[in-house]
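Biologist: I'd like to learn how to read a model like this one. Could you put it up and walk me through it?

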Amino acid sequence: MSRRRRLGDPNGALGAKRRRPELPGEAPRPDGSPAAVEAALGAVAGLFPRRLFGDALPPLVLRHQLYSLVPDRTAVDRHLNRLRDEGRVRLLHLGLGSDALGVVSLELYRDKALAGVSGTPREGLVRRFLERAVAASPELSFEQSRMRELGFGDGDITLLVSSGLLTVRDAGSWWLAVPGVGRFVRALLRGRRALLALVRRSRQRQVPLRELQVGKSPPGTRLGVPFLLHDLLGAQLLVSVPTASGPLLRLAES
C-alpha cells in the first residue's frame, strides 16, 4: 500500500471514515498524537458533502474543526505542517479570517483542478502551475517575483486567477485557491448563521447536542449539522458543556 495516502480515501491514514466523529463532551478527547490528528482529519473530511458541489470540490476541512476533536492545538498545527511538508496536504487561505485555514489532500486538489480544465486550452498552463509552483512551494501565497522565477508571466497569472487557482491577496501577490470554493464558503457562512440563530432563540440560549443530532436539520445547513458543529466548536463560537443528560451547546459569548 502506498505511504502517500489521500484525504478522503477510506483505506488510508487520512481516510474519511463514514461514521460520525465524536463531539466534545460525548467521550474522552484524544491526545495530540499524529495518529489522533490524522484520525480527526479523516473523520471530518468524511463529513464533507461532496455531492452538494457535484463532486467538483475536493473534501475541504477547516483546521480549527480538528481542534473540536483534538484539544492540543499546537500538536494539530505541528502535524498538519508535517503533512504539508511531506506533500500529503495543502493548507489554504479561504477568506474566512487569517487563522481560518483550509486543509485539503494535495493529490485530490490536483485531480480536481485538472478535471476542471480537462480538454481546454488552459490545461497545459494549469498542469505546469501545479507541477512547478504548487508541488514545489508550500506557501499560502505567491509573490509576483516568485511567479516570474517559476516561469509564469502576467498573462499566465491572469488565466490562473480566472481559472480559480489564484485569488488576489494584494498588489503583486496572490493566494493559492480551490476552483469553485466560493460555493463552499457561502454554504458554510449560511450554516453558521442558521445554527447560531437556533441557539440564540432557544430557551436559556442553549441546546442539547442530542436534539441537533436526531432532529430535522435547520434550513440553511446544507453542509450538514455535524460538519457545521465541528466548525462552530473549533472556532469557539459555540461551547460544549457536559451535563448528566448529555452535552449542552451554548453560545461562547454567553
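Modeller: Let's start with burial: a residue is buried under 20% relative accessible area, exposed over 50%, and partly exposed in between, using a 1.4 Å probe and protein chains only. By that rule Leu 238 is buried, because its relative accessible area is 2%. Before we go on, this is a predicted model, where local features need pLDDT of at least 70, side-chain atom pairs count only at pLDDT 80 or more, and totals for chains, interfaces and linings use all residues. Residues are numbered from 1 along each chain as its sequence is written, and side-chain values use heavy atoms, with hydrogens and water left out.

Biologist: Good. How much of the chain's 254 residues is buried?

Modeller: Buried residues account for 48% of the 254.

Biologist: And how do I read the helix and strand labels?

Modeller: They are DSSP runs, numbered from the N terminus: helices are H or I with at least four residues, strands are E with at least two. This chain has 10 helices and 9 strands. Leu 238, for example, sits in strand E8.

Biologist: Which residues does Leu 238 touch, beyond its neighbours within four places in sequence?

Modeller: A contact means heavy atoms within 4.5 Å. With those neighbours set aside, Leu 238 has contacts that include Leu 196, Val 199, Leu 229, Leu 249 and Leu 251. Take Leu 251: its C-alpha is 4.7 Å from that of Leu 238, and the two are 13 residues apart along the chain.

Biologist: What about contacts over the whole chain?

Modeller: Count those between residues at least 6 apart in sequence, and 64% of them join residues at least 24 apart.

Biologist: Why is H10 described as largely enclosed by the rest of the structure?

Modeller: Because 9 of its 10 residues are buried. Among them are Val 225, Phe 227, His 230, Asp 231 and Gly 234.

Biologist: Now charges. What's the idea behind a salt bridge?

Modeller: Side chains of opposite charge can pair when their charged atoms come close. The cut-off here is a side-chain nitrogen of Lys or Arg within 4 Å of a carboxyl oxygen of Asp or Glu. The structure holds 12 of them.

Biologist: Which residue pairs with Asp 231?

Modeller: Arg 192 does, with 2.7 Å from N to O. This pair links distant parts of the chain, since Arg 192 is in helix H8 and Asp 231 is in helix H10, 39 residues apart. Both partners count as buried: Arg 192 because its relative accessibility is 14%, and Asp 231 because its value is 0%.

Biologist: Who else is in contact with those two?

Modeller: His 64 touches both Arg 192 and Asp 231, and its other contacts include Ala 100 and His 230. His 64 lies in helix H2 (residues 63–67) and counts as buried, because its relative accessibility is 7%.

Biologist: Are Glu 86 and Arg 82 buried or partly exposed?

Modeller: Glu 86 is partly exposed, because its relative accessible area is 36%. Arg 82 is partly exposed too, at 46%.
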